[in-house]
Amino acid sequence: LMAAAFDIDRLTVRGSATPVVEGVLQTTPLNGMAQYSFSASAALVYVPATVQLFQRRLVWVNRSGTEQFTNAPPRPYRHPRLSPDGQRIAVAIDEQQMHVWVVYDVTRETLSRLTTQGTINYNHFWTPDGRRIVFSSAGRPDPGLFAQSADGSGGLERLCCEDGLIGGALSSISADGQVMVGGGVSGASGDLNVLRVGVRKLEPLSQTAFAEGAPMFSPDGPWLG
């Protein structure tokens, strides 16, 4: 937790920031929401970073709403994504650093680490053939959109530039694996962007006065919701 003098008249920071206290818990490293507050008398209260984050379980839910726990151990899971064949689950885990894992092999009941680089890895989704996982990665010298083999082999492939993070992460890929779409930010409104495999450059898909986000291709391809 840092502090800096502030000029209330000029609305500017004066001087350099100085450390106040270390080890303050963040709700998630993606948005940096630190768990602290000050009283009117300037007393500081905060949650230590050593506090264990909220533990969750991965569960199957059938069409009637019945839940069945998997054997994956409790962790601070986020955003589980089921593979196209239904045999693996990719999920983000909040542990001060947000990583993407191929967390659960349904048959083997194993948890496997996928990413080793970047302090914030998020917004992941499977390619239609189930061979790779695409995700956004920050906290590294070259932030952007990356692809990684789902079995963890090989290195990362950088698909797009830093704009892929700032402009809104991609969220869906076409059935043929050639086009990815996602919500972006343009001025005060959200627009949709498209990334074509091999181009490595985000292109606008729609530019309107409305805020659009989280687009998804239909399973057969020609529709976008």
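The model is predicted: local features need pLDDT of at least 70, side-chain atom pairs count only at pLDDT 80 or more, and totals for chains, interfaces and linings use all residues. Residues are numbered from 1 along each chain as its sequence is written, and side-chain values use heavy atoms, with hydrogens and water left out.

**Largest pocket**

- The largest pocket holds about 410 Å³ of space. A pocket is an open set of points on a 1 Å grid over the protein atoms alone, where a 1.4 Å probe fits, with protein on both sides within 12 Å along at least five of seven lines. Its volume is the space filled by probe spheres set on the points, which are joined across faces, edges and corners.
- The largest pocket is lined by 21 residues, and Trp 126, Ser 171, Ser 172, Ile 173 and Met 216 are the closest to its centre. Lining residues have an atom within 4 Å of a point.
- At least two lining residues come from each of strand 7 (77-82), strand 11 (120-126) and strand 15 (170-173). Strands are DSSP runs of E with at least two residues, numbered from the N terminus.
- The lining of the largest pocket has 12 nonpolar residues, eight polar and one charged. Ala, Val, Leu, Ile, Met, Phe, Trp, Tyr, Cys and Pro count as nonpolar, Asp, Glu, Lys and Arg as charged, and the others, Gly among them, as polar.

**Second largest pocket**

- The second largest pocket holds about 250 Å³ of space. Its lining has 17 residues, and the closest to its centre are Arg 132, Leu 159, Gly 177, Met 180 and Val 197.
- Strand 14 (157-160) and strand 17 (189-196) each give two or more residues to this lining.
- The lining of the second largest pocket divides into six nonpolar, four polar and seven charged residues.

**Two single residues**

- Ser 83 lies in the loop between strand 7 and strand 8 (88-95). With a relative accessible area of 4%, Ser 83 is buried (buried means under 20%, exposed over 50%, partly exposed in between, with a 1.4 Å probe and protein chains only).
- Leaving aside neighbours within four places in sequence, Ser 83 is in contact with Arg 88 and Trp 126 (contact means heavy atoms within 4.5 Å).
- Gly 221 is in the segment after strand 18 (203-206) and is partly exposed, at 24% relative accessibility.

- Strand 13 (residues 144-149) is largely enclosed by the rest of the structure, because five of its six residues are buried.
- Strand 12 (residues 132-138) pairs with strand 13 in the antiparallel sense over six bridges (two strands pair if DSSP finds at least two bridges between them).
- Strand 13 also pairs with strand 14 in the antiparallel sense, over three bridges.
- Leu 145 is the bridge partner of Ser 136 and stands opposite Cys 160 in strand 14.

Technical notes:
Helix = DSSP H or I, 4+ residues; strand = E, 2+ residues; numbered from the N terminus.
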